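Please prepare a short briefing on this model, covering a sheet, a strand and a chain-to-chain contact.

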Amino acid sequence: MSGAWFDYTVNGFVIGNIYALLAVGLALIYGVANLVNFAHGSVYVVGAYTGWAAITYLDTPLPVTLLCVIAVSALVGVGIERIGLRPLHGSSRIAPLLATIGIALVLDQVLQLLFTPDPRAVPMQVPEWRVAIGGGTIGALDLLIAGIGMISAVVLYSFLRFTKLGWAVRATAQDSDAAQQMGVDVNRVNMAVFAIASALSGVSGVLVGMYYNQISTAMSFEATLKGIVALIIGGLGNVPGAIAGSLILGLTESYGIALFGTSYRNLFAFVLLIAMLVWRPNGLFAARRSLPPEPMTGTFIARSRPVAVPRWAVAAMIAVAALLPLLDQPYLLQIGANSLMYAMLALSLTLVAGTVGQVSLGHAALLAIGGYASGLLAMDAGWPVALAIPAAGLVTAALGTLLVFPAFRLTGHYVSIATLGIGEIVALVILNWTGLTRGAIGLGGIPPLEVFGIDLGSVEGTYWLCLAVLVLLALLQLRLLRSHLGRTWRAIRDDPVAARSYGVSGDRYKALAFGFGGFAAGISGAITAHAYSYINHETFGASISILALTMVILGGLGNVLGAVLGATLLIALPEAFRFLAEYRILIYGIVLLLLIRFRPQGLMGTV
Amino acid sequence: MSALLRLEGINSFYGPVQVHFDLNLAVEAGQIVCLLGGNASGKSTTMKTVLGLQRPGSGRVWFDGAEITGLPTPQVIRRGIGSVPEARRLFPAMTVRENLLMGAYARSDRAAIAADEERVLGLFPRLRERLGQRAGTMSGGEQQMLAMARALMGRPKLICMDEPTMGLSPLFVDRVLELIQAINREGVTVFMVEQNASLALGIAHYGYVLQTGRIALQGPAGELLRDPRIRDAYLGGTARDGGDAG
Amino acid sequence: MAPVLEVRGLQKRFGGVTAVADAALDLREGELLSIIGPNGAGKTTLFNLVSGLDRPDAGSVRLFGQDVTGAAPERLAGLGLARTFQHGRVFGNLSVLDNVLVGAHARLRAVRPSVPVLGPLLELALAAIRPGAVRAEEAALREDAMRIISLFGERLMPRLDHPAFSLSYANRRRVEIGRALALHPRLLLLDEPTAGMNETETAEMQGVVAELKRSGLTILLIEHKLEMVMRLSDRVIVMDNGRRIAEGLPQAVRHDPAVIEAYLGHREAGMARAPAQGTVA
């Protein structure tokens, strides 16, 4: 037994080292650029594939492989800084964070197009021996990874402590204005930091490939998440803290697997993340401060005036949409129904992220809650579908608000990280709570849509139902926005401090927004579940959260009509250009990047 | 004769608010020149304009015979301007010695830097005792000295100081003023922004008084010190009505 | 009768710097008390402590006879305290009218029933359904907001639905004061209401504040334009380095040597700062 524990400890330590290579870079970037880099995991995958390609095509020995990985990853990092972030200097607070998400989408998709989504095996370049120690074993690869981890730490420490550029990095992280007044070129420092961070991330990627003997383009998102968790444990911007946080995370996961099984691994990571955000948002190693540091200052959303759309035009659009089924084009209707379901989600997100300024990156979890709630009510409790769907909306409103409630006191990037973590937790609970959710098998045979005995399972029926529900939700949301709630929500977004001084309780109004938004998203998830008749824990993944955010930004943050338009465009256009189907995510990413850079107020304007 | 630093017809803006209205001023080489004025008179913005931290809407900045309007800050520094920013802005997690060497960041002459470190520590003996201490843990007065020493490490022709006595105890205020004079005696031109008019004029050669973005008064420091109008500039235009006691 | 505001022994330190050391003041109903002092004297920190944005390290604040030391700003707003901010924190994307209406938030009754637990849900429902009482309340608030905006003459009236970010600096300050008045405050804290204004605009603002004072409002004012302070104030407190160095009638304070020194500095370098003895009580 003790031998097994030894193995788990070694495993946790090795994984911790891999996380450390990721997290250290995130900490450096956060230090100089005040930015959580969501593209970090994508660079890690770039590293993994570079290594794979070098070994496969060029037959490089290990040191050369590593050099290739370092060079390519560093170059990608420089590109991210130069093309994606530097032009955004002085734009709204969330712009750089959204830009890194866009870059991540683009990088992931390019890799997938180059190497296909199928997993690849990385040839082992390390001898396969293992030594037995006290009942457990250590292999050459374990030693290599630990060695590279430690060497990187020493090299990084020396760089920061003994080189001129290293000093400039530290000075910039502590006070970038003052650093400039010492003659430090902050742009160059940023570029150097992105290069170093990306090189470390790339090395981490290739080592993981060797450790698990497999790489795929899908690993990017998880790598970003794990790096961020380790970063938060250690404290944003704290390099030694990031290393310690990584080892803690690696060991926690490893012991967690030992105790509960593999499917619990990520649950541990994300519960740890949320616990840290709630209780120690500055990390384990920071002295207690009253408030987490505000990552960025300035306007939260882009300033603009919304495009005014006359009522008759809206009425005409609804009429045209209602008459669409008369064309008798089932395929078109299918896309239409899909767009409408997404539009409900976008409606919800534009309220939460746009009107109230809580940029949620876990919004798809609300779909999952709604879908499962309605499906289970209909299947296990035998409720009629027409009753199960609104009930699911209420369940989602209550549960969703309750889940994000601990995050209400967070601001800026922390909100995004927390909602991302909460979203992952929801998916993992669904996966692991087998008794309720049937676990990995998923929910099959969900009864079709039906209202008071009228079967709406047909394409037309689904479409009309979705349209009716969407119009209702949108009108309701517009009505709320025109009440005192609209100005109160937007006041919280524009200046929470001034809002509090006028008696506006942030918690209460954020809860109301998440409550109403949760209802809309829950309904969307519920309808989707009945329309698809099968869902599982992966149906509503993080990529849907990101897609919804892109829709909302495309339409204009906070803009109800914009959300509907954004959803319709992003769902319908790729269908119209079917030959582009495999480039779809790539297009989403590019759209997101172009919007942030050139039209941050979206098509219809922010509200 | 040409001044070391000259601002010509500067109009600058902070968002929609105009901060400077056709501002003209010159700093002669070898002098201590102070820019005085009450709150929100535009003093700090003048400093930012010189250092390239803020671009003026119109007007030109000349330093050492060349135009530096709109140059990025690091390049302005490389031309020989040292900065002691408002509120000191040290690198709090770096040691005193690291802060000093950051002051020499724009230089590459290693041997001379080492010599300058000795020279600067001679001027600020208090810092020598604390070389290994983190800057953030020092008292306000010591931090101010370190900020001045750090600026000197760049071997500047001109040092710009923004409110060097703000928030210091009276004892340190006097010490800081003495040090400014000592720095000037070593041949470094000093351009300082100060709210505390009497103190600044006590050590300066020449002074400007800024009032809502315009130069209201200027002249040799000795004359300004005796000029009753300087009090009006601070306490509002009608101070004389009340029969003031000077 | 208890004073409107009673501050005793208030202290606040940031790191090693003492921003406010042992501040004390009394403000009686209908009085206008000004706080003046050079940059960094601790005036705004004092405002933040009184208005609940910061918690004091020591001391007490009593508002309308209640101890509110360290109370949340939401609660203070409910008690009738309104404040403006040094740099004009308007809600940039909200219209002028909406900015002022947010100021009235603490006065919302019909749409914010004080029911425990279910209150927020009822609020959501009432906002969607809008029964007569809610509509009447909103209409009354709008009317009141228009009246407040009209205090600034034609400055804001033509811009009712312009977003605040598009306003001039002076107009933003006016919006801020309008927002504060919409709370129907019993105590108004004004932090440099004329900052960034030219002479005409300053004179106008002075007229507005004078009018507020005439209407009986109790006002605590931070201001640098001493002329305005002299004309409006019943009493003046002078702060320097986090301490009160003088307090008294405007004219007396103006000729207090300690005050002149605080602003201009002491005459000779090398001389330690004179202790603040010559204060006018």
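In chain C, six strands form an open sheet with mixed pairing, in the order E6-E7-E8-E3-E9-E10, where strands are DSSP runs (E, at least two residues) and helices are DSSP runs (H or I, at least four residues), both numbered from the N terminus, and where two strands pair if DSSP finds at least two bridges between them. The model is predicted, so that local features need pLDDT of at least 70 and side-chain atom pairs count only at pLDDT 80 or more, while totals for chains, interfaces and linings use all residues. Residues are numbered from 1 along each chain as its sequence is written, and chains are lettered from A and ligands numbered from 1 in the order in which they are written.

**The sheet of chain C**

- The edges of this sheet are strand E6 (81-83) and strand E10 (243-248) of chain C, each of which pairs on one side only.
- From one strand to the next, the twist averages 15 degrees, with axes taken as lines fitted to C-alpha atoms (for helices over the stretch in contact) and angles running from 0 to 180 degrees between N-to-C directions.
- E6(C) pairs with strand E7 (residues 187-191) of chain C in the parallel sense over three bridges, and Arg83(C) stands opposite Leu189(C) in E7(C).
- Helix H1 (residues 43-50) of chain C packs on the sheet, touching strand E3 (32-36), E6, E7, strand E8 (218-222) and strand E9 (235-240) of chain C, and its direction makes about 150 degrees with that of E7(C); residues are in contact if their C-beta atoms, placed from the backbone, lie within 7 Å.

**Strand E3 of chain B**

- Because five of the five residues of strand E3 (residues 32-36) of chain B are buried, this strand is largely enclosed by the rest of the structure; a residue is buried if 20 or more other C-beta atoms lie within 10 Å of its own, exposed if 12 or fewer, and partly exposed in between, with C-beta atoms placed from the backbone.
- Ile32(B), Cys34(B) and Leu36(B) point one way from E3(B), whereas Val33(B) and Leu35(B) point the other way.
- E3(B) pairs in the parallel sense with strand E8 (residues 189-194) of chain B over five bridges, and Glu194(B) in E8(B) is the bridge partner of Leu36(B).
- E3(B) also pairs in the parallel sense with strand E9 (residues 206-211) of chain B, over four bridges, and Tyr206(B) in E9(B) is the bridge partner of Val33(B).

**Chain A against chain C**

- In this interface, 30 residues of chain A are in contact with 31 residues of chain C.
- The largest share of the side of chain A that touches chain C, seven residues, comes from H19(A).

Terms used. Contact = placed C-beta atoms within 7 Å.
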